[in-house]
Amino acid sequence: MTQRHETPRRPLWLRVLGLSTVVLFAVGAYLALVVSPPDVNQGQLIRMMYAHVSVAWVSFVAVIVTALYGMAFLWRGRPIDDTRAVANAEIATFFAGLTLVSGMTYSRPTLNTWWTWDAKLTLTALMFALLVGYFVVRGLIDDPTRRGRVSAVIGIVVAVSLPFNYLAAAWFRTLHPTLSVAVTGVHIAPSMLFVLLFNVGVAALVYLTFVSERIRIGKLEHQRSEERERREEGAPGEVVRV
Amino acid sequence: MSELAVHWRWVAAGWLEVVLAYGAYAFYLARRARRAGCREDER
């Protein structure tokens, strides 16, 4: 029999964060679709760049945070670090997948192809495949400590690939455009840079909202599984009320 | 169809897929949160 329990309400700060994110997303879309000037080469198609680049950068952030919580789990062994690492890995997978799909939609009208085995594209596809592998491996291991350790190592491996992914566009000059915003300089008009950074900020807020909610769910699920284990341990001598 | 109209269709498609993906993931999280509030009780 399934018994319904009251789901704990989202904390106020999380609801405010979610609502602010929706409003700022609308502002970011307005800036990208209306305010931003057209590009001298790409024309109106440049407006897709704001959506694509912002999700790509945030996928990198999510991978780095996954690796950091993975390291924390390897060091301290606290289950909460594993819960946080998994939440970040799930959102990194989501953003990496969205980067690939939005990149293909952007690439078709600008570069006349959906896909090519360019170094940056291949490394991004590899990152996505490794993140999917992270969850496949987790599903194969029953012991929570071992599962956390193995997936932490995979998370770190994905993070190690990031610098190569970031620099691939500069090292291998093939189809993917080179870096417009780099440590060495910014090669983008100030009006476009503002719109880009605003949309990156909005994507970061989307990430924060999703990851906070996902961690809250992870904690709830952990709590429920502990309750279930306790019930199963006490079951033989216990009088169960129906 | 003019080149400008074609460009705008691609731009709309690019933004729409991001909006749909965010919406779908938010929906998945909401469902999972509701499920996490349930537990299976043995009779």
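**Helices, core and loops**

Q: How many helices and strands does chain A have?
A: Chain A has 6 helices and 3 strands. Helices (H or I, at least four residues) and strands (E, at least two) are DSSP runs, numbered from the N terminus. This is a predicted model, in which local features need pLDDT of at least 70, side-chain atom pairs count only at pLDDT 80 or more, and totals for chains, interfaces and linings use all residues. Residues are numbered from 1 along each chain as its sequence is written, while chains are lettered from A and ligands numbered from 1 in the order in which they are written.

Q: Which pattern does chain A follow along the sequence?
A: The pattern of chain A is β-α-α-α-α-α-β-β-α. The C-alpha atoms of chain A fill a box of roughly 75 × 35 × 30 Å, taken along the principal axes.

Q: And what is in chain B?
A: Chain B has 1 helix and 1 strand.

Q: Which residues touch the most other members of the largest nonpolar core?
A: They are A62(A), I91(A), F95(A) and Y207(A), in a core of 51 residues. A nonpolar core is a set of buried Ala, Val, Leu, Ile, Met, Phe, Trp, Tyr and Cys residues joined through C-beta atoms within 7 Å.

Q: Which helices supply at least two residues of this core?
A: In chain A they are helix 2 (47-76), helix 3 (79-111), helix 4 (119-140), helix 5 (144-171) and helix 6 (190-234), together with helix 1 (3-36) of chain B. Helix 2 of chain A gives the most, with 16 residues.

Q: What does Y207(A) touch?
A: Not counting residues up to four places away in sequence, Y207(A) touches V58(A), V61(A), A62(A) and I91(A). Two residues are in contact if their C-beta atoms, placed from the backbone, lie within 7 Å.

Q: Why is helix 3 of chain A called largely enclosed?
A: Of its 33 residues, 24 are buried, so helix 3 of chain A is largely enclosed by the rest of the structure. From first C-alpha to last, this helix reaches 46 Å, close to the 48 Å expected at 1.5 Å a residue. The expected span is 1.5 Å times one less than the number of residues.

Q: At what angle do helix 2 and helix 3 of chain A pack?
A: The angle is about 155°, and the axes are 7 Å apart. That makes helix 2 of chain A roughly antiparallel to helix 3 of chain A. Axes are lines fitted to C-alpha atoms, for helices over the stretch in contact, and angles run from 0 to 180 degrees between N-to-C directions. Angles under 35 degrees count as roughly parallel, over 145 as roughly antiparallel, 65 to 115 as roughly perpendicular and the rest as oblique.

Q: How do helix 6 of chain A and helix 1 of chain B cross?
A: The two axes come within 9 Å and cross at roughly 20°. That makes helix 6 of chain A roughly parallel to helix 1 of chain B.

Q: Which residues meet there?
A: Among them are F210(A), I217(A) and L220(A) in helix 6 of chain A, which face a group including Y22(B), Y25(B) and L29(B) in helix 1 of chain B.

Q: Now for a loop. Where is N112(A), and is this residue buried or exposed?
A: N112(A) is in the loop between helix 3 and helix 4 of chain A. With 8 other C-beta atoms within 10 Å, N112(A) is exposed. Its phi is near 65°, a positive value in a residue other than glycine. Most residues other than glycine have a negative phi.

Q: What about W115(A)?
A: W115(A) is also found in the loop between helix 3 and helix 4 of chain A. W115(A) is partly exposed, with 14 other C-beta atoms within 10 Å. Leaving aside neighbours within four places in sequence, W115(A) is in contact with M104(A) and L121(A).

How values were computed: A residue is buried if 20 or more other C-beta atoms lie within 10 Å of its own, exposed if 12 or fewer, and partly exposed in between; C-beta atoms are placed from the backbone.
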